[in-house]
Structure formats: C-alpha cells, structure tokens
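Try each task before you read its solution.

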Amino acid sequence: NLQAEVGRGAITLEPVGMNTDEIYHILRTRLFSQLPDKAEIQTVARAYADAVRDAKQMDITSASPEKFVEQLTESYPFHFAIRDLYARFRENPGFQQTRGLIRLMRVIVSRLYDEKEGRAGETSLIHAQDIDLNDRDTVGEIMLINPTLDNAISHDIASAGQAVSEVIDTPAQSTDAQDVSKLILISSLANVPNALLGLSLSEIVSYLCAPN
C-alpha cells in the first residue's frame, strides 16, 4: 500500500544520456553565455559538409555531407564526434558521466580561449581532438578517465615537442599527426570489458574534415 501511495506522486528522473543530443544543450548552457544565430550556424555546418564532400569524392571517407549538416547544426559549437566518442568511456569505473564530461570540456574550452596559446580564433567548432595534452590540467582529466595510457600519451602524442606525432608534424608545420593520434586516444579511453576501441580510416578522415 505504501509503495502504491508513493508511486502516485513519484517522478522518474533519468540520467542524462551521453549518447543523446541532450548533452549538447547541457554543455552549451554551462560553458557559453551566448551563441551565434541560426544562419551563422548553418553556414558553419555547410562549410564542414563541403569538406566532407571533397573527401568523399577522393574516396577516403564514406561519411554523408547531408548528415553532417544535420548533426553539426544540432551539436554546435561542438563537433558531434565529441558525443559519440565520449560516450564510449561513460561506463569507466569512477567516471561521473555528465559531471565528468562537463569538467573535461570546461578545461578543453578554457585552453582554446587562452589569451596566449588558445586556438579559438582559428577554428569554427570545438572538435574531439582539440585537447592540449601538454597542459597538466587536461592530462589530469584524461588520467581520471583511464590512467593506463599515461606513457602512450607522452611517447606518442604530446611531450613538449618530443613525442612521435609532434616530431612528425614539425617539418610540415602541421598538427595532422597529433590530431589523428588524439582522435585515436579519445576513441580508446574505454576501460571496461568488450569496449569499442579505435576508429576506422574513414571515420578518422570524416572527423578531421574541416573548412580549408
């Protein structure tokens, strides 16, 4: 009888789905005071779709340009890959899902808008690979998600210019190798049995596609 009575006034509260569009709304609300109008967002989404279309014509990705417009319009100012890749490690032991993601994205966004080293003026979206792994706070957040990859990060991705991908990028004054490495890292942070790890070449190319 008590359960029946309580049930009449009960409200079921579902946790935020990290694999749903709701997470974009939460991040926008917590991290930004205002956003551009819909017309500007559409312009950005179409520019990314054009880049994907060029890659598709070169037969290096199978992604749909039309789908990119739809997904980026919904996820702006974040690249939709953030939701899909970050949802992979939501079940990691000790990770607080929504709170953990907000904390991580707060660090990433603050680094992008850093007055001295920030890259916010060079990009139209916040991408999954926009993580500064030479920044102690950022690496600290990654270690909270999966502490087993510390050596891999310092050897392969970021070590004050001495990591493998940094050495590869230096002659070309590029960040391509680092971006690919960061994408693979983010896609491989899950630390539970039977987790989905890594990306296909087509997925990597589509996530790296950007205007110009």
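Contact here means heavy atoms within 4.5 Å. This is a predicted model, where local features need pLDDT of at least 70 and side-chain atom pairs count only at pLDDT 80 or more, while totals for chains, interfaces and linings use all residues. Residues are numbered from 1 along each chain as its sequence is written, and side-chain values use heavy atoms, with hydrogens and water left out.

**Exercise 1. A serine in a helix**

Task: Find the helix that holds S206, and list what S206 touches.

Solution: Start with the location: S206 lies in helix 11. Helices are DSSP runs (H or I, at least four residues), numbered from the N terminus. Then look at the neighbours: leaving out residues up to four places away in sequence, S206 touches V52, T61, A63 and F68. Finally, widen the view to helix 11 (residues 201–208), where I204, V205, S206 and Y207 are buried. Their cover includes helix 3 (38–57), helix 4, helix 5 and helix 10.

**Exercise 2. Two partners of helix 10**

Task: Describe how helix 10 packs with helix 8 and with helix 11.

Solution: Two packed helices are described by the angle between their axes and the distance between the axes. Axes are lines fitted to C-alpha atoms, for helices over the stretch in contact, and angles run from 0 to 180 degrees between N-to-C directions.

1. Helix 8 (residues 150–157) packs with helix 10 (residues 176–186) at about 165 degrees, and their axes are 11 Å apart. Helix 8 and helix 10 are therefore roughly antiparallel (an angle over 145 degrees).
2. On the helix 8 side, I153, D156 and I157 meet Q178, S181, K182 and L185 of helix 10. The residues of this contact divide into three nonpolar, two polar and two charged. Ala, Val, Leu, Ile, Met, Phe, Trp, Tyr, Cys and Pro count as nonpolar, Asp, Glu, Lys and Arg as charged, and the others, Gly among them, as polar.
3. For helix 10 and helix 11, the angle is about 115 degrees, with the axes 11 Å apart. D179, V180, L183 and I184 of helix 10 make the contact with I204, Y207 and L208 of helix 11. Here the division is six nonpolar, no polar and one charged.

**Exercise 3. Into the core**

Task: Which residues have the most contacts inside the largest nonpolar core?

Solution: A nonpolar core is a set of buried Ala, Val, Leu, Ile, Met, Phe, Trp, Tyr and Cys residues joined through side-chain atoms within 4.5 Å. The largest one has 56 residues, and L85, Y86, M105, I126 and L133 have the most contacts inside it. Helix 3 gives the largest share of this core, eight residues. Now take M105: not counting residues up to four places away in sequence, M105 touches L27, L31, F78, I82, Y86 and I126. L27 and L31 are among the buried residues of helix 2 (residues 22–31), and those buried residues pack against helix 4 (65–75), helix 5 (81–86) and helix 6 (98–112).

**Exercise 4. Backbone checks in the loops**

Task: Where are P77, D59 and Q173 found?

Solution: P77 is in the loop between helix 4 and helix 5, and a cis peptide bond with omega of about 5 degrees joins Y76 and P77. D59 sits in the loop between helix 3 and helix 4; D59 is not a glycine, yet its phi is positive, about 60 degrees. With a relative accessible area of 68%, D59 is exposed. Q173 belongs to the loop between helix 9 (164–169) and helix 10, has a positive phi near 50 degrees, and counts as exposed at 77% relative accessibility.

Terms used: Helix = DSSP H or I, 4+ residues; strand = E, 2+ residues; numbered from the N terminus. Parallel < 35°, antiparallel > 145°, perpendicular 65-115°, else oblique. Buried < 20%, exposed > 50% of the residue type's maximum accessible area, 1.4 Å probe, protein only.
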